[in-house]
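Please examine the model shown below, following the chain with the paragraphs that come after it.

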Amino acid sequence: MEKINKFRKIINKIYYLLFIENFKGKLRFNFPLNYSRIELIDYLIKKNKYSDYLEIGCDKNQLFSKVHIKSKTGVDPVSGGNVRKTSDHFFLENKKKFDIIFIDGSHIYHQVKKDILNSIDCLNDNGIILVHDCMPDSLSKQAVPRYRMQWNGDVWKAIVDLRQNKNLNIFTCEIDQGIGIIKKIKNTSVLKINKPINELKFEDYFNNYKSYLRVISLDDLKKIL
Ligand SMILES: C[S@@+](CC[C@H](N)C(=O)[O-])C[C@H]1O[C@@H](n2cnc3c(N)ncnc32)[C@H](O)[C@@H]1O
């Protein structure tokens with residue numbers, strides 16, 4: 001996990017609150033305590049008999065070491081996994097296809113969007129892409145540049161952006177900081193928004209996150225997958 005020093009945190013916070021946004025609303029999510037990304041990935045692997053897993057951003061292998069599957073690839077430039085590269089370098093050289101891809105590397109919109117689009121290119125038919133940290137509950141948890149330790153970044157903007165794509169069907173499951181669920185099939189509910197993504201603020205997300213992200217419960221997700 002990236003470390004930022006105290007001085008940098010203070011500078012980033014002042015900059016963000018003065019020049020980007022200062023909004024105090026806080027959301028309350030019902031993330032189940034006993035069902036996380038680990039259980040969801042295990043469920044999908046067993047249900048679909050998946051054999052090839054890719055994780056972007058592995059940190060200390062908190063997740064990577066718990067995924068039980070025939071073949072695992074974990075990409076991280078700093079620690080964990082089994083490929084010491086950035087996601088961009090990995091995708092540039094990769095020729096392998098995957099059944100299930102978990103994206104949890106950079107948490108900044110442009111890079112997350114790039115990681116999703118690159119993942120789509122190496123996803124097997126009937127494969128699935130999962131994106132961690134889609135549901136920040138407060139401005140400070142999504143602020144870029146970052147100024148706190150517990151942080152989701154603005155991953156949610158990548159989901160909102162791609163929800164407008166006719167060929168990607170996307171939901172966000174209300175578990176474990178919000179997990180984006182992406183399938184390479186016709187979009188059954190194309191999102192229409194009246195602002196360019198770069199102009200979206202946390203306040204827009206606060207007021208519209210359910211429709212922006214197409215949020216569903218774990219029970220409902222299991223019914224449609
Ligand atoms: C939040 S941690 C991952 C946690 C882990 N996936 C889990 O489920 O517990 C984010 C990781 O992404 C890595 N990372 C940051 N930028 C990246 C990039 N461009 N490509 C791949 N990994 C990246 C960081 O080094 C860090 O280890």
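The buried residues of helix H4 are Tyr 109, Val 112, Asp 115, Ile 116 and Ser 119. Here a residue is called buried if 20 or more other C-beta atoms lie within 10 Å of its own, exposed if 12 or fewer, and partly exposed in between, with C-beta atoms placed from the backbone. Viewed down the axis of H4, these buried residues fall within an arc of 130°, so they line one face of the helix; the arc is that of the directions from the helix axis to the C-beta atoms. An α-helix has 3.6 residues a turn, so residues three or four places apart point the same way. Helices (H or I, at least four residues) and strands (E, at least two) are DSSP runs, numbered from the N terminus.

The model is a predicted one: local features need pLDDT of at least 70, side-chain atom pairs count only at pLDDT 80 or more, and totals for chains, interfaces and linings use all residues. Residues are numbered from 1 along each chain as its sequence is written.

H4 comprises 13 residues, 109-121, and reaches 19 Å from its first C-alpha to its last, close to the 18 Å expected at 1.5 Å a residue. The expected span of a helix is 1.5 Å times one less than its number of residues. The buried residues of H4 pack against strand S1 (52-56), helix H3 (87-93), S3, S4, H6 and S6. Contact between two residues requires that their C-beta atoms, placed from the backbone, lie within 7 Å.

After H2 comes Lys 49, whose phi is positive, near 50°.

Which residues have the most contacts inside the largest nonpolar core? That core has 47 residues, and the ones in question are Ile 103, Ile 129, Val 131 and Ile 159. Helix H6 (residues 155-162) gives the most to this core, with 6 residues. A nonpolar core is a set of buried Ala, Val, Leu, Ile, Met, Phe, Trp, Tyr and Cys residues joined through C-beta atoms within 7 Å. Leaving out residues up to four places away in sequence, Val 131 touches Ile 103, Val 112, Ile 116, Val 155, Ile 159, Ile 179, Gly 180 and Ile 182.

The ligand has 20 residues around it, of which Gly 57, Gln 62, Leu 63, Ser 87 and Gly 105 come nearest; a residue belongs to this group if its C-beta atom, placed from the backbone, lies within 6 Å of the molecule. The shell has 7 nonpolar, 8 polar and 5 charged residues. In this classification Ala, Val, Leu, Ile, Met, Phe, Trp, Tyr, Cys and Pro count as nonpolar, Asp, Glu, Lys and Arg as charged, and the others, Gly among them, as polar.

Attention may now turn to the backbone. Most residues other than glycine have a negative phi, and most peptide bonds are trans. Asp 133, in the loop between S4 and H5, has a positive phi of about 70°. Asp 133 is buried, because 22 other C-beta atoms lie within 10 Å. Arg 214, in the loop between H7 and strand S7 (215-216), has a positive phi of about 55°. With 21 other C-beta atoms within 10 Å, Arg 214 is also buried. The peptide bond from Val 144 to Pro 145 is cis, with omega near 10°, and Pro 145 is found in the loop between helix H5 (139-142) and H6.

Two lysines complete the account. Lys 184 is located in the loop between S6 and helix H7 (202-213) and counts as partly exposed, with 17 C-beta neighbours inside 10 Å. Apart from neighbours within four places in sequence, Lys 184 is in contact with Ile 120, Leu 123, Asn 167 and Leu 168. Lys 222 lies in helix H8 (residues 218-224) and is partly exposed, with 14 other C-beta atoms within 10 Å. Lys 222 and Leu 44 are 178 residues apart in sequence, yet their C-alpha atoms are 9.3 Å apart in space.
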